[in-house]
Every structure is written in C-alpha cells, then in structure tokens.
Amino acid sequence: WQTENGVLLPSLQSALPFLDLHGTPRLEFHQSVFDELREKLLERVSAIALEGKVEERYKKLEDLLEKSFSLVKMPSIQPVVMCVMKHLPKVPEKKLKLVMGDKELYKACAVEVKRQIWQDNQALFGDEVSPLLKQYILEKENILFSSDISVLHNFFSPSPKTRRQGEVVQKLTQMIGKNVKLYDMVLQFLRTLFLRTRNVHYCTLRAELLMSLHDLEINDICNVDPCHKFTWCLDACIREKFVDNKRARELQGFLDGVKKGQEQVLGDLSMILCDPFAINTLALSTIRHLQDLVGQDTLPRESPDLLLLLRMLSLGQGAWDMIDSQVFKEPKMEAELITRFLPMLMSFVVDDHTFNVDQKLPSEEKGPVPYPSTIPEAFTKFLQENRIACEIGLYYILHITKQRNKNAFLRLLPALVETFSDLAFSDIFLHLLTGNLTLLGDEFALEEFCTSLFDGFFLTACSRKENVHRHVLRLLLHLHHKVVPAKLESLQKALEPTKQSGEAVKELHTQLTEKLELHKPSPAEVTETPPMELPLPTVPTPAPR
C-alpha cells in the first residue's frame, strides 16, 4: 500500500532509509512534499488566470474547480479551491450559495469571491459594512473631543490625501474593488444613514471614498459617478483651504451644467458640499473675500466669486432637506443675506480698522474712543433664522478669535446664545472655538472675560447639551491655571456631573478636580517652625580712647 501510494520516484526508494536513520517520520516527509506541491499548484493557478485566450483560461479554471470543490472543507486542499474561485470572474451560482451557507467557508474565501456574493445579497453586504461605518463616525467624534486643544492641530488639519489613508476608507475601497453595484450600495447606505441621523460625517465619507477610488485610478467607477470631476476639483480647494478664481469657475461650470432631467445629481452634489471639510473651506474663503471687498470698497452683491461661494454653501447646507424631500433643485438664496447681512459683517471689519486707527492717533481732550459694544438686532435675528448667515457669522467669530481680537469677540458673543438649530453649540464649532480661545489665554485672568464667556455663553447650554459640557471641561483642563481662581471654583461646582451625565463628562470632571488639587497652594505652615532670623548677640561698644 505504501509503495502504491507513495511518491513514485525510483531514486527516492533508496534515499528514504536515510530519513529513517535521522529519526524523521515519513509523515513529516510526505507533508513537506505535499506543501511544496500545493505551493506549485497555487502558482500554476495564478499563472493560468493570466495566460492564453480569456475563454480558454477560464474553462481550465472552471474544470479545476469542478474537480476540487468536493474537497473544499479539507484544510490542506482548501487554499487551492479558494485560489481557483478567486481568479474566476464568475463563480458558478451553486458553488457561491454553498460558500455563503457555510460560515467557515465564507470567512475563508477571498474578497474577490465575497464581492460576487455581496452584489446579489445587499443584507449580507450591509452586515459587513455597518461596523466600519460605526467605527468611522466614532473616529471623527474622538478627534472632535480630543484632549489636545490647539490652533495648529485641529479637526481640519489633516490633508484630504492623509484622511483617505484611514483604515475604514481603505477597507471599503478594497471591498468595493471595481464593482459599480457595490459602490452604489455603499452610497445608498450613506444616504440612508445621513437621512436617519443628520450626521454630516457620512457626507465626508461619501467624498473620501470617491477620491480614494480616484487615487487608485478605478475608472470603471469614477467614470460613472457624475460627481467625480466636481469632487476632484473641490478636493483640491479643500487641500488649499481656499477656493481660488480658476477653480471657482470650474465648480460653477459643473453646477450650471446640470441638464434638465438629470437634476437628481444635485442630491449627490449637495451631499459632497455638506461635508464639513467642504463647508469649512467655503466659509473660510467667504470671510477672506469679505475682507478683500472692504479694502476694495465693493459691495457683496457686486462680487460674482462671493455669490458662487454662497450658492455652494447654500446647496451644501440644504443637502438633508433635498434628499429627504426628493425635490432636486437648488435652494433659493435670500436677497437679504447679500444685501443686509454681509454688509453688516463688513461694517464689523470696518469698526475694527477704525478703532485700531483711533488708538494710534494722539489722544485729545475728549479721551480714548471706546470700542463699540452693541450689536445690531438684525445680526442676532439673522443668526437665529438664516442657516447660511449663521454659518458665516460663526466663522467670522472664529476668525476674530484667531486674531486675538478680544473686543470684537466679547461684542459678538451674546449673539451666539440662540442660533439657527443651535449651530453655535455644535461639536465642530465648539472644537474650533476652544482651540482658538487658547490664543486668548491671558484674558482668562480677568473676571469680566470669564463671566461673559462661561456664564454668558457656555453655561447657558451645559445642562441641556452634554457635548457643550464636555467641551467646557476640555477647555478648563487645558487653561485652568490661567483662569481667575474665584471663578475657577464656581465653575468647578457649576460643571459637576449630574446623575444623567455620561461617562465621558464624569471622567473629564474627575481629571479637572485632580488637576486643581495638584495646583492648590499648600496651606501655610503653623508657626511652630523656628524663625529664620537668629537674634544677634549683643556686643559691648568699645570705649573711646
């Protein structure tokens, strides 16, 4: 039996006793030969998949699969069967069903085979994708609540290319491969989740996924996604954090080029523009344009570039409503936004310039000119009722904070207590604001500044919004040593977690308490310690000679 079933090589029969002398079992020898043959077979299968005419090579592989599939559950043969299936562009339906029905086989098969299973089984694909999407959202939220508070390294610091290297985007890109059907499924999941949760990070993933496929030059997908060129152009703007004139014209061309009957593409474009990274770029560009207009004595309505930025902001901010209502047309821009709100913002810029010039002029009898402290009622009303105005207003406040302009910041802060759908208490704004406030660190030593910031703004929402509670604690953990001591004590009490508070708030409050304990000056020692100055012995004065 051994002779019949062994390796039939005449020269081998006389060599085998040598192995016996070395105490090597025949099993070990046969196993190593088997492993070697399997490796050769795997190489051959991969080679067959690339040689000869397409029909012939696949016919060979199909025959091989037919012969070997019955052994698929044998661990030693399984890799070969899986390799054959991996190289077949269309595995027979019957075999796919058998793989799908067996958990172990499904787990062992290559992603190329899984794609064939997934494309006709949306629920199974959804189960695979769902944990990745949850992980993605969690990663974004962890960055927003990170304990590092800095102006230089914030949520928007990583470049688009760096972000696309993230684990989730890479895994999804690999799962999709060149399969348009799977790509469409992922987009459908993202749209559904965005509708269900209003979470804008799904919009970021929509753009990142497309650009990741673009990086790999997967034209099968990029060429059929109508948003590809628009996203590619916007991606370049996000990289520069500015929309220049040339790219602005390109983006406008895409928006104007949406043909009748293809309006549905606006739903996808609006989702791409709703990505916080796109909104950030558009808002920063808008603030920059407004400052330029002040220098040029030009009104907002006379700047086509500014109007285009507002058009894109409006489309991005209207993404949820558009996808929800399935009415695909660009939201109408309110004229008052351009004719009243933006000129009002420009007047704030002018106020700053005027004040700075006044400070430099030699003071006369009338004394120094005070900084304007009131804000027009219309400004507060715009922030409450108009989403675009609110977004631009918030970015203007971030801009003045970054410039360390305390006067302008304290003047506009009261307008943030009530904003359109509480945008001033959103995680992205608070993440950026806390980062920028580190530049005003020295102002925290002033009671008046702390009262305006904490009592007048943060604490108004802490009890009803846990995220605000977390952001304030993050800020205090970073700046507690600069805050006026009496205020710090009352803040510590005001920010104590309630029974309803989550673990994150409790953890942050504990950290703050520990830091403050370490920072407290030790109580003065009781006067039992001997005084440092020892009494000098009395020396008699020498008698005069």
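1. For the lining counts that follow, Ala, Val, Leu, Ile, Met, Phe, Trp, Tyr, Cys and Pro are taken as nonpolar, Asp, Glu, Lys and Arg as charged, and the others, Gly among them, as polar. The model is predicted.

2. The second largest pocket holds about 430 Å³ of space. Its lining consists of 18 residues, and those nearest its centre are K241, N280, L284, Y395 and K402. By class, the lining of this second largest pocket has nine nonpolar, six polar and three charged residues.

3. Which elements supply at least two residues each to the lining of the second largest pocket? They are helix 18, helix 23 and helix 25. Helix 18 gives the most, with five residues.

4. The largest pocket contains about 1,200 Å³ of space. It is lined by 48 residues, with V200, Q317, R387, S421 and L423 the closest to its centre. Two or more lining residues come from each of helix 9 (122–144), helix 12 (180–197), helix 18 (276–296), helix 19 (304–317), helix 20 (319–325), helix 23 (387–402) and helix 25 (427–437).

5. In the largest pocket, helix 23 provides the largest share of the lining, six residues. The lining of the largest pocket comprises 23 nonpolar, 12 polar and 13 charged residues.

Key. Residues numbered from 1 in each chain as written. Predicted model: local features only at pLDDT ≥ 70, side-chain atom pairs only at ≥ 80, totals over all residues. Heavy atoms only, no water. 1 Å grid on protein atoms, 1.4 Å probe; cavity = no way out; pocket = protein on both sides within 12 Å on 5 of 7 lines; lining within 4 Å. Points joined across faces, edges and corners; volume = space filled by probe spheres on them. Helix = DSSP H or I, 4+ residues; strand = E, 2+ residues; numbered from the N terminus.
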